[in-house]
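Colleague: Walk me through the labels on this model. I want the criterion behind each one.

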Protein chains: 2
Amino acid sequence: MMPVAIDDPADPRLAPYASMRERDLVGRQGRFIVEGEVTLRLMASPGARFRTESVLLAPERWPGLAEVVGRLGAPVYLAGRPVMSAVAGFPIHRGVLAVGLTGAAPEPAAPVPPAPAPALVLGLAGLTNHDNVGACFRNAAAFGADAVLLDAACCDPLYRKAIRVSAGAALITPFARLPEGADWLAVAEALALEPLALSPSGRETLDAAEAPARALLLLGTEGPGLPARLMARARTLRIPMAPGFDSLNVATAGALALHRLAGATGRIALHPAPVPGPDAREDC
Amino acid sequence: MMPVAIDDPADPRLAPYASMRERDLVGRQGRFIVEGEVTLRLMASPGARFRTESVLLAPERWPGLAEVVGRLGAPVYLAGRPVMSAVAGFPIHRGVLAVGLTGAAPEPAAPVPPAPAPALVLGLAGLTNHDNVGACFRNAAAFGADAVLLDAACCDPLYRKAIRVSAGAALITPFARLPEGADWLAVAEALALEPLALSPSGRETLDAAEAPARALLLLGTEGPGLPARLMARARTLRIPMAPGFDSLNVATAGALALHRLAGATGRIALHPAPVPGPDAREDC
């Protein structure tokens, strides 16, 4: 795919990159923006879940990225940073942008490994903060969760800031949205997942609780938390904290729970053979 | 302390609240800004580490906060939100501000419990992002760390955004700064702390490592991480992650390590007696 140089910020091929911040607010009709080299590389990785519509690079970024971009099979436009910034509406320092296509929204069951296979699924209930949603995706990817499910109230994981905070995990971690008004416990039952509700008022401690082979770890907002009705019917887990300051960020609490569940079910090796230290390596 | 109504944004008593964002950039000469009720209450809590110079409230917030503010022993100014916003230079929605006084900078040894008492100290090396520093303080408080030490390159935990992200933990968790060029390992030795360097290339896994009674948990920046010289001489810990996406936020990684160290040394109870569930409570 030969790159096409574009000098005119009004060129219609650049329209999907125009006025990025304003578009963030109104939605992008099936498109999303990818920023920076790390996330562009994830779009071209074997785990990528989305097609790339086009790539927009500062000319000097092309040689270093030609191979990666070649794998995307999308048109590549080259424009100097002033043109990129004029199109986007703010300074584009890194000179690497792309437009991804969301494709059709998957059914909630689609990203979840079918029973009786093991499954670790993160369920986000009412998270409206892009930093938190992005951070939850990053943690899900780091600890090998199979999928993320989001209720209708959650914000979009493909919003620019969420992708950035996720370190690109939102581009490679399978996710699906529940329909408006869906009941998490009914979803868990339909997918043969055991619901584990994480909450400061949880009845079991995270470390004492037995980890199910098929878990749906549910996280709610920091203020109101998960609905009382759900808490009453699910297994509930809490993270013990120091007296007087029992306050953790929701994504951080989720990271602790994912780490514990991933460790208990062998997704990550908590006690592997030690890696040789620098002294040992000097002997090689 | 009777509150004083102020209508004039140019009143000199409001000068420490003026042009907040600009002042954030240039420093505040021994002062810092507290925003919102939660953090104001922490300034008045038994664990508070800083004196309050003054409080600025929207008049309708006074009745609900009079008792708390009374404990601060500081003058209270009442001004409508338009005046508050005019002074601050941006909209003050919550109508609760205060100015704290940093006091003299403590020596690095000051906040660390002397040997042979147990100690859990968080060491931040080169963290220049206010979100990360704030989040590290929140996690330190949640897991009962005794103190946080910051090297000279770290940003200020009393910067507005850092306080906010810390959920106020920066106001109650003892901290001190190391002098420019200080060596973490020399500091650890002087304070009889065992340095534990957290890094993706750590030799021991977090869960397999024995937790020392006096630990200095060292976190570096996400990109370059901790200096190689330090890594070569300290005990190094890593958090196992899923293949293909070994990326955690530094504060999140720190939370996992603090949780583990706090649990292993009995600061938090990982396996306490279970709390009665709602069914059991109905029997009471």
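Modeller: Start with pairing: two strands pair if DSSP finds at least two bridges between them. Helices (H or I, at least four residues) and strands (E, at least two) are DSSP runs, numbered from the N terminus. This is a predicted model, where local features need pLDDT of at least 70, side-chain atom pairs count only at pLDDT 80 or more, and totals for chains, interfaces and linings use all residues. Residues are numbered from 1 along each chain as its sequence is written.

Colleague: What makes β3(A) and β5(A) paired strands?

Modeller: At least two bridges are needed, and 6 join β3(A) to β5 (residues 96–101) of chain A. These strands run antiparallel. Arg51(A) stands opposite Leu101(A) in β5(A).

Colleague: How do you know that β3(A) pairs with β4(A)?

Modeller: They share 3 bridges and run parallel. Leu56(A) has Tyr77(A) of β4(A) as its bridge partner.

Colleague: Why is β3(A) called mostly covered?

Modeller: Buried means under 20% relative accessible area (exposed is over 50%, partly exposed in between; 1.4 Å probe, protein chains only). In β3 (residues 51–57) of chain A, 5 of 7 residues are buried.

Terms used: Chains lettered and ligands numbered in written order. Heavy atoms only, no water.
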